[in-house]
Amino acid sequence: MEKFPLKRTSAGPHPSSSYQAVSKKYTNGHPLENGQNGAPSRGFPDDEMIDIQTTNSGDHRHTRLEDDDGVSHYSVSYSGTTDTAGDIPGIGQYDDFHTIDWQRDIARDRMRHRHIVKKKQDSFWNLLEGAHDAWSGWLCVLLVGLCTGAVAGVIDIGASWMTDLKFGICPQAFWLNREQCCWSNETSFETGNCTQWRTWPEILGQAKSGAGPYIISYLIYFTWALLFAALSASLVRMFAPYACGSGIPEIKTILSGFIIRGYLGKWTLLIKSVGLILSVSAGLSLGKEGPMVHIACAIGNILSYLFPKYGKNEAKKREILSASAAAGVSVAFGAPIGGVLFSLEEVSYYFPLKTLWRSFFCALIAAFILRSINPFGNEHSVLFYVEYNKPWIFFELIPFIGLGVIGGVIATIFIKGNLYWCRYRKYSKLGQYPVTEVLVITALTALIAFPNPYTRMNTSELIYLLFSQCGIANSDPICDYNRNFTNVKSAIDLAAAGPGVYNAIWLLIIALILKLVMTIFTFGMKVPCGLFIPSLCLGAIVGRIVGILMEQLAYNYPKNWFFSGECSSGEDCITPGLYAMVGAAAVLGGVTRMTVSLVVIMFELTGGVRYIVPLMAAAMASKWVGDALGRQGIYDAHIALNGYPFLDSKDEFQHTSLAADVMQPKRNETLSVITQDSLTVDDIEALLKDTEHNGYPVVVSRDSQYLVGFVLRKDLNLAIANAKRMVDGICGQSLVLFTSGNPPQTLGPPPLKLKKILDMAPITITDQTPMETVVDMFRKLGLRQTLVTHNGRLLGVITKKDVLRHIKQMDNEDPNSVLFN
């Protein structure tokens, strides 16, 4: 007997990760089916494996082996001997670019749980095992929260230091960024009289200002930006192609039950974290908040393998990933509740109450760890804390809703422009030169950004400046009002805007146009890049400009009825920073189509709980305008562009087709079936060789076509290979039986009984079932396939791929764009 009876003769190569996710498995526009010529097959091409047990063969155990990218493999042991070296593909594991069977995975977990509960009374050890099983979910999300908080702290500190490195250095302690360098000298950072911090011209012995120093600063800024961007793009290209982009569209797809191997692996986590620091420091128009969700989910995926309950079960693992996504937003914005709502509203597909509590706990721990690290060096863990709490006037709801409308329009321009560019990148030669594209965009951004002070500064600093109120300490031109501050604590009066304010407005309008154009070209490049901060920045610029105009209106006409007497006392009754906050929420809401989570994130981000109603009004107006001008938010649009098989639970199926119109095979074509007791091993092996289906219906006979059950291709392959090695006498002429009764005695070889691998309760529908119902079943039950019958006789099969292609066809889109094995 061979030592490794199930070992592959030629192991398939490690999947090569390509930049274009869609082209990964395609040749000449057509998907390569497993086993088809063109690419070596990766083991058996189906998704799941029920445990195959041999009767009376003693002990039967599983041993998990972990591969490089966090993929589990299993070895099966018989008769008390464990073969851990045998790399046996398939058992308990899905293949790349397949969808998971939610029902089956959840049923397997219930069986495992019942087994543990039943054994609890047997011994003290079993009692401990049961207790560990009960709290392993909480322990796993605790670890995810701890690691996510720590990684986020490192990223925040690294990004702020490297961003300041473009402008100068702290000679006494080079590891300090500008703000920390100035604290160490105990001088006022606000006034800019910080002697410890040296700009690059000063280091090179030049004066602080003048034409020469300006040119030197410009050149050094440009050089650092190119260096950081080149490093980030090269790391992504060489080590982890999946680390590019925001990651949220892919996380949504993975949470809906799709497998993308390596997307949440160790290399992706490492390169995404390092690349994110570099690309943010390069001054590109991108944020680090979206990729934090990807980083947190990668941490969740890696840590779930410490707990077999989650590591071995893809449906259970997605509960941990949902909690991880909440932790990602929690550390990105210092908004734990917003993170939980973001996970619920935006990314999660299956979100039971248990997952809600765990997400809450995970987000809490992550926010606590980040607060302990205190990367921003202030007493608030929020990014853009606002000090003002002036009540808003009822009339202001009109400009707030107006900002919502403007936000929806800006968001639509951004989504349409970005999609056009990403499509062009994908189908043209540009996609073959990812690093060159990054360098060109970085060079253009650095050249254009440096002359304008509002585009030169860090985007987060700009947002903070736009959100804040003009007080005695603000020296920026945007606060150039004709005010005389006699007392620091006196109320801020309404005042006429000075020339600095109008100059700042023009610079902000230029910054708005530049940032919008640069973000269109930047989002989707092959570096880690998020979308939240650029969107907030665009909205904050528009909001601040509208706020200044409203403030001047109140100054010039304080007695007007619509200010309802609030402005007649001469005190500052309009807060331009509030308008910036509302505008930021409007654009971000229009781009992502978030509503509830957006409002909560915004008031957690700024501490402005008083302004929930203006934020709600703007977010709602922005969503309505966005939905009217374009159907999809940016993430759903990118899912469609990449062809991921995502059945959105928010969409409605509005067509009147029936199951008979969608099922395979079509009329007058033959359906590949297995009969319950009349096929030999040779017949089944020939069927597996000639067809590439992931599973086969089992029927009573070819004439009757009455359904018995459903068997998966992978199960058949493994069961036949095992039987040939383990059971004496099994050969090509052996009958394969899916029945439990004893067969009539014949002179031929012994039969092969495979009833154990047969699914006796497959989900079935009739051929007259409306497709609306079928699509609902696929969404809500997480099905992989359903069998179609007529009067109890089998007619065909509908798979998730068939459903997705049918929806595309009915919407007049290309049905072959769906990426699927």
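**The nonpolar patch and the charged pairs**

Reply: Met-238, Phe-239, Trp-267, Leu-270 and Val-274 make a nonpolar surface patch of about 520 Å², where a patch gathers residues with over 30% relative accessible area and no salt bridge, nonpolar side chains (Val, Leu, Ile, Met, Phe, Trp, Tyr) being joined within 5 Å and like charges within 9 Å. Two or more residues come from each of helix H5 (211–239) and helix H7 (266–281), helices being DSSP runs (H or I) of at least four residues, numbered from the N terminus. H7 gives the most, with three residues, while Met-238 has its place in H5 and counts as exposed because its relative accessibility is 57% (exposed is over 50%, buried under 20%, partly exposed in between, with a 1.4 Å probe and protein chains only).

This is a predicted model, in which local features need pLDDT of at least 70 and side-chain atom pairs count only at pLDDT 80 or more, whereas totals for chains, interfaces and linings use all residues. Residues are numbered from 1 along each chain as its sequence is written, and side-chain values use heavy atoms, without hydrogens or water.

Turning to the charged pairs, Lys-288 and Asp-156 meet in a salt bridge at 3.6 Å, N to O, the term meaning a side-chain nitrogen of Lys or Arg within 4 Å of a carboxyl oxygen of Asp or Glu. This pair links distant parts of the chain, 132 residues apart, with Lys-288 in the loop between H7 and helix H8 (289–304) and Asp-156 in helix H2. Lys-288 counts as buried at 12% relative accessibility, and Asp-156 counts as buried at 9%.

Notes
Areas by Shrake-Rupley, 256 points an atom, 1.4 Å probe, with all protein chains shown as cover.
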